[in-house]
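Please work through each task before reading its solution.

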Amino acid sequence: MSATVLSGRELAADLRADAARRAAKGDPPRLAVVTATADESSAWYVRSIAGAAGKAGIACDVVDLGPDAPVETIRRRLAELGADDAVHGVILQTPLPGGATLANLALAIPPGKDVDGAAPLSLGRLMAGLPAFAPATAEAVVALLDRHGVDPAGRRVVVVGRSTVVGKPLSQLLLARNATVTVAHSRTADLAAVTAEADILVAAAGRIGLITPDHVKPGAVVVDVGTNPTPDGGLAGDVDPAVAGRAGALSPVPGGVGPVTTALLLQHTVKAAGR
Ligand code: NAP
């Protein structure tokens with residue numbers, strides 16, 4: 001028996017179409033993506049955001065400050081974009097030059113333009129249950145579960161990964177949906193014993209093949225957030241493909257969380273523009 005495929009492509013297409021319809025109700029909303037890295041997978045991701053934005057009628061400016069950009073230059077540019085009335089959404093791409101952290105620099109992005117929920121104020125509002133843009137990847141996991149009729153309420157969910165971008169905000173979104181949430185990380189003792197308790201297992205560790213069949217309760221729903229570059233230029237998730245023989249449902253990489261994340265960034269930008 002093979003797991004049901006939790007595809008994100010159809011949901012992403014619907015979200016993009018909705019964003020395009022709302023964007024067309026006035027001047028094109030404008031998104032700025034600030035990058036300061038030579039990282040190839042980051043460049044690929046930025047191109048995919050810009051391409052999807054263009055197709056949805058959203059203007060996208062890629063502001064490339066280069067991998068050697070001083071932290072102060074990045075902060076100043078974010079503040080300028082934050083103050084620019086023509087710009088509705090601002091994303092700061094990672095990785096960042098040494099010494100810079102996303103949460104610290106994102107302090108310069110006003111909450112109303114923080115469309116990837118990176119700023120501490122957005123994260124705090126999310127935790128307090130107040131309206132805020134959630135980090136798009138974390139929101140994408142919940143949206144993918146919803147789309148496939150998986151209700152996290154009352155279920156045991158294990159999230160592997162505690163980053164500020166994915167694991168922590170996702171745990172808050174799932175708590176808000178009445179799941180019983182455990183967050184595991186690199187210092188978790190006996191990871192397999194912890195994850196095998198999960199009705200819903202989310203892998204967001206950035207380690208190819210970390211989750212093997214031994215980590216999975218038979219019939220569990222498994223969401224793979226990992227997007228790890230492979231030596232042959234492809235993408236691999238955190239979940240070993242053999243898990244499909246044990247899980248009840250599994251999201252693919254690529255084609256699962258990734259496209260939904262990009263589509264939600266467009267949705268957030270359109271919302272930030274007041275549509
Ligand atoms: P990150 O900042 O590197 O965080 C990774 C987390 O995983 C950390 O909390 C780390 O624990 C934990 N971890 C690492 N190795 C582990 C292990 N062997 N066992 C248990 N936990 C382990 O990464 P991230 O930014 O959250 O991204 C995670 C993955 O999601 C990456 O593959 C990334 O490319 C992908 N991603 C995908 C999307 C998308 O749209 N699909 C968007 C963003 C990220 P410690 O805290 O103890 O170090």
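**Exercise 1: Helices α6 and α7**

Task: determine how α6 and α7 are oriented to each other.

Solution. The axes of α6 and helix α7 (residues 167–176) cross at roughly 40° and come within 8 Å. Axes here are lines fitted to C-alpha atoms, for helices over the stretch in contact, and angles run from 0 to 180 degrees between N-to-C directions. Helices are DSSP runs (H or I, at least four residues), numbered from the N terminus. In the contact (heavy atoms within 4.5 Å), A138, E139, V141, V142 and L145 of α6 meet P169, L170, L173 and L174 of α7. By class, this contact of α6 with α7 holds eight nonpolar residues, no polar ones and one charged. Ala, Val, Leu, Ile, Met, Phe, Trp, Tyr, Cys and Pro count as nonpolar, Asp, Glu, Lys and Arg as charged, and the others, Gly among them, as polar.

The model is predicted: local features need pLDDT of at least 70, side-chain atom pairs count only at pLDDT 80 or more, and totals for chains, interfaces and linings use all residues. Residues are numbered from 1 along each chain as its sequence is written, and side-chain values use heavy atoms, with hydrogens and water left out.

**Exercise 2: Helices α6 and α9**

Task: describe the packing of α6 and α9.

Solution. First, the geometry: helix α6 (residues 136–147) packs against helix α9 (residues 257–272) at an angle of about 115°, and their axes are 8 Å apart. That angle makes α6 roughly perpendicular to α9. Next, the residues: A136, T137, E139, A140, V141, A143 and L144 of α6 meet V257, V260, T261, L264, L265 and H268 of α9. By class, nine are nonpolar, three polar and one charged in the contact of α6 with α9.

**Exercise 3: Helices α1 and α6**

Task: identify the residues that join α1 and α6.

Solution. Helix α1 (residues 9–23) and α6 pack at about 110°, with axes 10 Å apart. Helix α1 is therefore roughly perpendicular to α6. E10, L11 and D14 of α1 make the contact with A143, L144 and R147 of α6. These residues divide into three nonpolar, no polar and three charged.

**Exercise 4: The ligand**

Task: state which side chains make polar contacts (N or O atoms within 3.5 Å) with the ligand, including that of T227.

Solution. An N or O atom in the T227 side chain is 2.8 Å from a ligand oxygen atom. For N228, the corresponding distance to an oxygen atom of the ligand is 2.9 Å. A polar side-chain atom of R207 lies 3.3 Å from a ligand nitrogen atom.

Conventions:
Helices (H or I, at least four residues) and strands (E, at least two) are DSSP runs, numbered from the N terminus. Angles under 35 degrees count as roughly parallel, over 145 as roughly antiparallel, 65 to 115 as roughly perpendicular and the rest as oblique. A polar contact is a pair of N or O atoms within 3.5 Å; within protein, one must be able to donate a hydrogen and the other to accept it, and residues adjacent in sequence count only if both atoms are side-chain atoms.
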